[in-house]
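This briefing goes through a few local features of one model, topic by topic. Please keep the sequence and the coordinates at hand while reading.

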Amino acid sequence: MKRFLYLAQVEGVLPDRLRVLQSDDSDIRFVSWRTRSADPRGIFYPHSSWTEGRNRLFKEIAGTGYEYYIFLDDDVEMHVRDGRPGNGWRAFEAFLSEYEPAVGVARYMWHLQGGVLDLSLPVQGIRFFDALVNAFHREAVHALLPYYDGLDRYSECYSQSILCSQAAALYPGHVLQCNGVEVVNLHSRRPEREYLYCRAEDLFLASLKDPQQYAAFLRLTKSGLSKHVTLGEPQRKGATSYAIAERELERMFDVSHPLWVRQRELAALPKASAFFSDRADTDRARAWKAEKASRLGPPMVPSWRERLRSVAVRGVQWSLHRSAMLRAINRGRKSFGHRVRQARANVHERQRRRLAAPADREIAARWARWRAEPGIVYDVPDVLTALRWCGWALSRITAPHLTMMDVGGLHDDTVRGLVDAMPRQPILSIAVSAGAHPKYLHYGEFAMAEVSSGPEDPAIPRYRLSTLIRQFGLDRDVIHFLAIDAQASNLDALRSLDAYARACVCLRIRLRPADRAGVEALGFRLLAVTPAGTDQAADLLFVNVDALARQTSRDARD
């Protein structure tokens with residue numbers, strides 16, 4: 001009896017690089033979504049999303065007795081680490097046979113990159129993992145699949161995020177990454193459209209019934225290292241059974257929650273139903289074209305721009321209105337819609353420049369005077385004015401996007417002020433708070449953690465800002481704007497930047513003006529002071545002149 005069944009999603013025919021998956025110990029079946037294949041192992045499932053294709057493959061499991069079901073995309077390659085000889089797929093199968101994880105994955109470029117990747121270990125536990133290649137044990141696959149498709153209208157990436165959370169809750173210590181092999185993908189087709197880390201996580205957290213587990217997940221999933229750890233140390237299966245009884249699910253989860261209700265609806269649908277067959281091709285095509293237009297061609301507004309601008313779910317940013325307006329203009333003009341959008345954007349840009357010209361000249365004059373006279377500090381009446389000054393300077397940098405971090409206070413006016421000041425550049429916004437702050441949806445990423453320059457403690461969780469920067473993959477980037485309002489520990493939080501203080505351009509921090517020396521010691525110079533409340537503290541806006549000069553000179557060279 002063969003032990004492995006590979007289940008792939010392809011455009012039409014099975015790519016040559018995946019034909020090696022058929023062996024004496026493995027079989028392969030695949031779903032094609034663009035054109036029908038003559039291969040008897042193929043299933044034609046037209047106009048299907050990524051999530052729907054995976055769920056259609058799940059239906060092929062019924063009645064089979066394989067040990068592992070390995071779901072994969074068609075653009076992947078598996079390599080033995082460090083160019084060592086051997087077949088990567090066979091090495092991955094050997095890992096599954098030896099450790100018998102509930103869910104097994106291969107090393108991928110972003111896995112465990114927050115400082116916990118240890119290639120000296122053969123396997124490591126993992127909390128979040130990419131969907132490129134996922135292997136499910138036969139006892140665990142029915143507890144985790146089918147994928148939840150209720151968030152596909154926002155992004156097809158959310159279904160994988162929910163699966164990762166379910167796996168961590170049901171099988172702590174048995175979700176393992178093989179460090180001996182590495183998977184690479186040649187390109188990506190899934191349109192993200194948006195990716196708000198909190199959207200899928202909040203849906204999953206709402207389905208948890210156990211208060212202790214809810215608290216543990218809330219602390220872990222929104223901590224600084226949430227994408228790079230798992231609940232429990234790596235374990236071998238041994239005599240453990242991965243089968244989950246219904247009463248155990250009801251103890252852990254609210255099975256009446258829409259998440260579990262929808263998953264059970266999909267599990268109950270037979271593969272011969274209209275939903276999982278090509279007999280409703282015409283109806284499916286109409287629905288697919290109406291709901292998933294971005295898959296048919298380039299999106300009206302590039303998905304990376306929407307994501308980096310951190311378009312809020314509840315509509316905090318004015319770019320939402322602009323995106324909706326551009327879509328409305330393009331409706332019914334598919335043949336020349338991109339020209340209409342470009343013309344409209346050019347008109348808006350000319351109007352913006354004409355209206356902003358007097359203000360820009362005044363800001364430019366203030367900047368020139370500030371740089372020429374080292375002792376000058378401006379008093380500004382409100383924070384938004386200071387943000388406009390800072391935004392004017394940052395907009396001189398022709399970076400593909402700007403990065404901001406907001407620590408402690410989560411002042412959404414910071415996001416709005418920077419967006420208004422820099423309408424041409426997308427902003428990657430990251431919020432850090434010690435609690436589940438209600439304004440975290442205004443940001444593209446959110447980490448729940450205390451920030452301190454002292455010892456780190458994942459149990460609290462407490463981390464240094466330098467650790468959070470590495471976790472978010474920003475260790476080689478520039479932090480264009482950093483806001484800190486962590487009450488009494490503001491200066492301490494700033495010191496936890498360590499060497500990354502050199503990569504921070506603008507800093508907004510709440511301090512007493514008399515304490516500015518501690519900030520200036522890190523290479524910053526005070527630009528503006530805004531009164532903030534009845535205490536002696538104020539909103540201080542600093543600029544790292546050297547970091548700003550490095551960025552502008554680099555742009556000039558480029």
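Predicted model: local features only at pLDDT ≥ 70, side-chain atom pairs only at ≥ 80, totals over all residues.

**Nonpolar cores**
- The largest nonpolar core has 51 residues, and those with the most contacts inside it are F71, F136, Y171 and F253.
- Helix α4, which runs over residues 158-170, gives the most to this core, with seven residues.
- Another core, of 35 residues, lies apart from it and includes I363, L394, I397 and A528.
- Leaving aside residues up to four places away in sequence, F253 touches A169, L170, F204, S207, L208, K209 and W260.

**Helix α2**
- Helix α2 (residues 88-99) has twelve residues, which at 1.5 Å a residue should span 16 Å, and the 17 Å between its end C-alpha atoms agrees with this.
- The buried residues in α2 are G88, W89, F92, E93, F95, L96 and Y99, and because they cover an arc of only 155 degrees around the axis, they lie on the same side of α2.
- At the N-terminal end, N87 caps α2 through a side-chain oxygen that lies 2.8 Å from the backbone nitrogen of W89, while after the helix comes E100, whose phi is positive, near 50 degrees.

**Q124 in strand β7**
- Q124 is found in strand β7, residues 123-125, and is buried because its relative accessible area of 9% falls under the 20% cut-off.
- A polar atom of the Q124 side chain lies 2.9 Å from the backbone nitrogen of D118.
- Not counting residues up to four places away in sequence, the residues that Q124 touches include L112, V116, L117, V175, L176 and P234.

Technical notes:
Residues numbered from 1 in each chain as written. Heavy atoms only, no water. Core = buried A, V, L, I, M, F, W, Y, C linked by side-chain atoms within 4.5 Å. Buried < 20%, exposed > 50% of the residue type's maximum accessible area, 1.4 Å probe, protein only. Helix = DSSP H or I, 4+ residues; strand = E, 2+ residues; numbered from the N terminus. Contact = heavy atoms within 4.5 Å. Expected span 1.5 Å × (residues − 1). Arc of directions from axis to C-beta. Polar contact = N/O pair within 3.5 Å; in protein donor to acceptor, adjacent residues only side chain to side chain.
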